[in-house]
Protein chains: 2
Amino acid sequence: MVAASRNWRGERLSVGLVPTMGALHAGHLSLIEEACRENAKVVVSIFVNPIQFGPGEDFERYPRDLERDHDVLRKAGIDAVYQPSVEAMYPPGASTRVHVAAVSEGLEGTARPVHFDGVATVVAKLLSAVEPDRAYFGQKDAQQVAVVKRMVRDLDLPVEIRVCPTVREADGLALSSRNAYLNQDERRAAVSLSSALRLAAEAYAKGERRPDRLRQILRARLEAEPLARVEYAELVDVQTFSPPGTLAVLAVRIGATRLIDNHDLSKPFPT
Amino acid sequence: MVAASRNWRGERLSVGLVPTMGALHAGHLSLIEEACRENAKVVVSIFVNPIQFGPGEDFERYPRDLERDHDVLRKAGIDAVYQPSVEAMYPPGASTRVHVAAVSEGLEGTARPVHFDGVATVVAKLLSAVEPDRAYFGQKDAQQVAVVKRMVRDLDLPVEIRVCPTVREADGLALSSRNAYLNQDERRAAVSLSSALRLAAEAYAKGERRPDRLRQILRARLEAEPLARVEYAELVDVQTFSPPGTLAVLAVRIGATRLIDNHDLSKPFPT
């Protein structure tokens, strides 16, 4: 991968990287399309990163379908798939972690204590291997975006982080590989996340600015859904991930499945 | 720095980086000479890195003489000095640290709890800014070398770490910017470190392999010096920095000055 990328760079060709854990959906494809528009060469990495999953999380059952992923990528016309093994990424004795304090604390960082060290470390490794000019992330994982941007700035990594809007189903549900875990009833209940964000954005547009009131709107809609159990529903700053701010962030269990979503309330919710 | 380095790399010129904290001495010059032999372009960084100093350590009084350093570097014929400010390296909100577990624990890691996170983080940043083909470190800071090598391997950083032998005064004292802190009596007492390493290497050459006995030889020589206070005198593996191993590592206070030295006992001590 290093050699291929350096060859391209040697020919002054720009390189874009789209890091994924596979189980590709239209959200990933929107990142890939943007990467293809902005770069001469596009690399998609597929790596289900064990160190960003905590004990008891879904590393083992995380959806994997490499054959389908490769079909999708072949049609997308990208230039390389970077698909390292777990053994190549974390050989015996590997002991380095990248830790991004502050922005990785709270919310997802509280719910998933090792998660962001795992994310920051694997993204640092992927950026080292591919040395892209630009790397593409989805706004769906808003705190991940904030952590990666902070890391890139703090470590002077010579890459531009590009963030693409969340892709949603017709009813508003944010695309996620984990949606595959939902049964029919849970799938119907899962719309409560985007629905709550839409209601809060409408209230904001009508002039509501009180964080307590906006949080209440989010919670009321989520708690009206019997299958939903709210983990958090908060308003934070989009960069620091601390209050105050206009970014509404949600983590909700629908049955056994943990879903997240977010929306900047100062902007209209997409129809 | 990024632009200069990328220009060179675009012309297929190899780039070597010698990271320093300034106060340059013949030890640094040996790294610079090696870098000049092996690379088309050589960058020397000068940065007294605050985050690798703990509270109560010598960050404030660490020797700084930029005018002299620049004279030295001008004569050495290098291609660039990279000399970022503390504010540029750690702007408000910077919160990322690179942590290398295992190899950074114990010995220097115990004596200086934040030290190696600071070292790993700043080296990662310097490597990002300069993107060298090779980076040069002195064997004098043996655990630092082990930490940096581990980090480079673990994060897939595309750089070769080159390690150069410790440069010593005629009486054996390892060159260090901190030697400037020593008064005349302390300077005489400081020879006890290299003298202890030499005695242990001689015992090893005569067949002594018992770690306890080799440690005893180190300690006996150090404790014979009234001005010396031993912090540690251990035998560790050169890569993992855990026992068992043939690398003798010493940390000793001579008066108020903390000195370190090391030698692989399986090799003859330089005369």
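**Where the chains meet**

Reply: Start with strand β4 (residues 96-100) of chain B: five bridges join β4(A) to it, and the two run antiparallel. Two strands count as paired if DSSP finds at least two bridges between them. The names come from DSSP runs, numbered from the N terminus: helices are H or I runs of at least four residues, strands are E runs of at least two.

Before going on, a bit of housekeeping. Keep in mind that this is a predicted model, where local features need pLDDT of at least 70, side-chain atom pairs count only at pLDDT 80 or more, and totals for chains, interfaces and linings use all residues. Residues are numbered from 1 along each chain as its sequence is written, while chains are lettered from A and ligands numbered from 1 in the order in which they are written.

Chain A gives 22 residues to the contact, and chain B gives 22 residues; two residues are in contact if their C-beta atoms, placed from the backbone, lie within 7 Å. On the side of chain A that touches chain B, the elements giving two or more residues are β4 (96-100), α6 (115-130) and α7 (142-154) of chain A. The largest share of that side, five residues, is from β4(A). Sort the side of chain A by class and you get 13 nonpolar, four polar and five charged residues. Here Ala, Val, Leu, Ile, Met, Phe, Trp, Tyr, Cys and Pro count as nonpolar, Asp, Glu, Lys and Arg as charged, and the others, Gly among them, as polar.

What about symmetry? Turn chain A by 180 degrees, with a shift of 0.0 Å along the axis, and it can be laid on chain B with an RMSD of 0.0 Å. The two copies are thus related as by a two-fold rotation axis. In chain A, A:Val98 has the C-alpha nearest that axis, 2.3 Å from it. Both copies use the same surface, as 100% of the contact residues of chain A recur in chain B. The superposition is by least squares on the C-alpha atoms of residues with pLDDT of at least 70 in both copies.

Next, hop over to helix α7 (residues 142-154) of chain B. Of its 13 residues, 11 are buried, so α7(B) is largely enclosed by the rest of the structure. Buried means 20 or more other C-beta atoms within 10 Å of a residue's own; exposed means 12 or fewer, partly exposed is in between, and C-beta atoms are placed from the backbone. Among the buried ones are B:Ala142, B:Val145, B:Arg150 and B:Asp154.

You can check the length of α7(B) too: at 1.5 Å a residue, its 13 residues should span 18 Å, and the end C-alpha atoms are 18 Å apart, which agrees. The expected span is 1.5 Å times one less than the number of residues. Just after α7(B), look for B:Asp156, which takes a positive phi of about 60 degrees.
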